[in-house]
Amino acid sequence: MDSSLCSDLESSGRPSRRDVTILCLEMARDSADLASDYQFWLQKLSVWEQSSTKETQQDTCLHLSRFQEFLKQMYEFLKEMDSNAILERFPTIGQLLAKACWNPLISAYDESQKFIIWCLCCLMNKEPQTPGESQLNSWIRSLLSHILSTIRFNMKEVGLFTEILGYEPVDYYPSLLKNMVLSLVSELRESHLNGLNTQSRMAPERMMSLSQVCVPLVTLPDFEPLVEALLTYHGREPQEVLSPEFFEAVNEAVLSKKMILPASSVVSLWFRHLPSLERATLHLFEKLFSSERHCLREMECCIKESLLPQAACHPAIFRIVDEMFRVVLLETDGAPEVLAALRVFTWCLAEALGRENKQVKFALKTYFPYGAPSLTAVLSQRPDAIPRSHRLQPLLHVSQLLREAVEDHTRGSPRDAFESWFLFAHFGGWVDLAVEQLLRMEADPPEGLLWLLVFYYSPQDGSQQRAQTMVELKALLGRLLTLLRGERLSAVDVQKAAHCPSADPRRPVCGQLVRRLLLSLLLWTPEGHSIAWEAITHMANTDAVTHEIVGFLDQTLYRSDHLCVAASRKLARELLQKLGAQV
Amino acid sequence: MEPLVQHLERFSDVLAVARGAQARSWDAVTVRRALQWARYLLHVYRRFAGRAAARAALERRLGPWAGPPGLRSFAALESGDARLALRLLSNRALAPAAARALPRLLFPGPAADGEDDAPQPRLLLLARRGSALRLLLRLGGGDAPAGALLRTHAELLGARLRELGGAGAAAARGLLEALWARGPRGHVLGVLGEALLLGRCSHGGDLEPAGAADCAGGAEETETQGLLLHWLLGSPEALAAFCRRLPADRLASLASCHPALSRAYLGLLASWAAQLRYDLREGSWVPTQPGDMPWEELRLRLQRLCQAPPPLPEEVLETLRGGKALDGDFEVPGMSVWTDLLLALPRGA
């Protein structure tokens, strides 16, 4: 079949020989893959059919999603063929579909029953010529009838009762299922309430099989109360009594929004199954750090929606999520979007803690075990809640505490420097405050503020390099403030002032810090407003820098409580629009 | 309303035919049209389901529903398509051309995935729920399956009685008589017991699967329970079987919810107690006839009643004390069944 297709395409002369070869190879490979998958699954189904042990059930649960993927591919393949061609290609397909039909774990899973039924429909012979073909058609019909009405109570009287009332199974399936679920929920609840009474407690094995049965069904809305009860009413056994596949299935369903659980149940899930918590955090990271850029507002929505800040109110969960932030920061060399996300996450956590009113429940030390308690306590205050005229003092205090932790080698190691910086990075609001203070200074800027900014932007530097950078930063500030006091501010002058002629060309003041100062100056001073756009277009000479500026403006708009001038907000929004159009 | 009523009647006929030999004359077009009809009536159902007055008017206008082969109620319109589909799929008489077209009409593929009024998603949900039930039943253990079945049937019975409500109490009684005459008695009694407890929050030792939300809708249930009690108390044979065959715990719960039933139950227990005679050789109370209730069973039932919330325990004790006084108030065991029963109860005489 493949070779004839190749020659057909070649003779039409349109696609190049190479394209055709690739296409043929791909098709052949797909088809060969499907054929080998087919054999694999046929064998699996036969094994599953032969026994219903715990192990078989577990193996089935492990394979459910892959098997569904296979069924989907199978349908895509079959839908283009007629019945005879299908049977020629897969003579045993009837067997495969029937085994799938008869296995309730499979037919209960997600959309598997749909693909099984669609495949059966493809197999239907539209114009049967032989008795065999007609027989196949009626066999398919009976299989469809079976999968649609699988419940047959063994008790004859049950059928008789509903018949007298005039009901058919279709009338009571949904309510029977609802009542089964409710009965199991009360069994679990009773078992939980009578925890000490071993007689009325649900045996761990029963909990395990119940959770296993729920694996294919977690996304069926009827099962929500049962899933919730399983997550809430945990036994008193020292070991986990629910199957890991159950936790994974619930977690995936929640992450893909195929199921909505109350937040408390989700938190309970993450507590009991750490891989699910890690998966949920990674899922959030994937959303936040995908190629598409997100503004902070969107980040906040994503973060809140993930329920992770709420869960992280518990220090054990917080530390795992935080550890993952740390790894990503190290791996990306402190990428701005990761820093921004960490900052937003910390805000959301503080908000959640405030809502739960549980600040006192756990000491800050349990959230940040590596930071000095006094430093953590100062940092965790909301900086923008401090009156404007009183902000310098706490800033200097933060700076001093950080400096002690970082530069006092009798106390710490280089690891401590990173830990201190990581702790500081959670509370980036202090950096905004420091920049604001520096630009308002009439007199010489205090060394503590310079140190704080230089440390934040180049944490990897040694103390000597930092001292040098501070000198340059001070000079730069001097030049900028002189310009501001001058008669007319121009974009070119500002740009020139940013380049320090005397400084060591090998170690220029960190570019990011300089840009940050310039942008703040442009936004926060009335003189800056008129030249802002011109200066920014000078600055934004690479994509990376443009993104950085967009990030700064976004951040300004996101939390601009300390930016009281409405004109600055308006300007930031305009600039963001203009720049956004360029990116 | 007239055309709508006609449509409903015609669809009822279609449903009846779909499971009979007459489907031999159907072709693909007939099947398609029947399915379209079911879809249209699903819309009708959705439009009227929440509007009690309009729905009641429609139900009144339709009068008594056709027999089991057709539509049995307005509510059945919600699953008219599934009913039709299942009947056609399992009808061997369906003409071959119609049978070949049927699967594709029911399951057209991805195109019909999002249509919530098409048979495809609704049948797929049915299939998934069926598999879910199979899994839960296979799980076995516990009382969940039996309890859930009783509860479901009790709800179905309640729904049917309410539907018959318009036709008067006689129709409801007729249905209960039919169930009692033709139905599986043990199951019918179990369902009656469950139906009498639906929506009641406090029933003794029984598990209560319903939440507070279920109790809120109690008005309808109280009405149904009134009908059930009326029939049960007026049917001596059924009442005796009910009080004899249902478990002691359940009867105690029922008695504490329904005072009339409690009186009847206590009366029956007393009459059964009076049947026992003392066997000197055995040193125990024994039945005189094969159908009598054994001493142990009697004691257990009275004991459970004594554990129910007040005023039941006091009523039980009063009945027993009354019997004892009539027998001469002896305190010696073996003289009066009442004395011995009082002694056998945990709280004593």
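**Reading salt bridges in a two-chain model**

Guide: In this predicted model, the side chains of B:Arg87 and A:Glu168 meet in a salt bridge, with 2.6 Å from N to O.

Visitor: Which helix gives the largest share of the side of chain B that touches chain A?

Guide: That share, 18 residues, comes from α6(B), and the residues on this side of chain B divide into 35 nonpolar, 14 polar and 17 charged. Chain B and chain A bury about 6500 Å² between them, with 68% of it on carbon and sulfur atoms.

Visitor: How many salt bridges does the structure hold over all chains?

Guide: Over all chains there are 41. In one of them the side chains of A:Glu187 and A:Arg206 meet at 2.9 Å, N to O, and this pair links distant parts of the chain, with A:Glu187 in helix α10 and A:Arg206 in helix α11, 19 residues apart.

Visitor: Are A:Glu187 and A:Arg206 buried or exposed?

Guide: Both A:Glu187 and A:Arg206 are buried. By contrast, B:Glu296, which forms a salt bridge with B:Arg299, is partly exposed, because its relative accessible area is 47%, which lies between the cut-offs of 20% and 50%. B:Glu296 and B:Arg299 are separated by about one helical turn, because they are 3 residues apart in helix α15 of chain B.

Conventions:
Residues are numbered from 1 along each chain as its sequence is written. Chains are lettered from A and ligands numbered from 1 in the order in which they are written. This is a predicted model: local features need pLDDT of at least 70, side-chain atom pairs count only at pLDDT 80 or more; totals for chains, interfaces and linings use all residues. Side-chain values use heavy atoms; hydrogens and water are left out. Buried area is the accessible area (1.4 Å probe) that two parts lose on being put together, summed over both. A salt bridge is a side-chain nitrogen of Lys or Arg within 4 Å of a carboxyl oxygen of Asp or Glu. Helices (H or I, at least four residues) and strands (E, at least two) are DSSP runs, numbered from the N terminus. Ala, Val, Leu, Ile, Met, Phe, Trp, Tyr, Cys and Pro count as nonpolar, Asp, Glu, Lys and Arg as charged, and the others, Gly among them, as polar. Buried means under 20% relative accessible area, exposed over 50%, partly exposed in between (1.4 Å probe, protein chains only).
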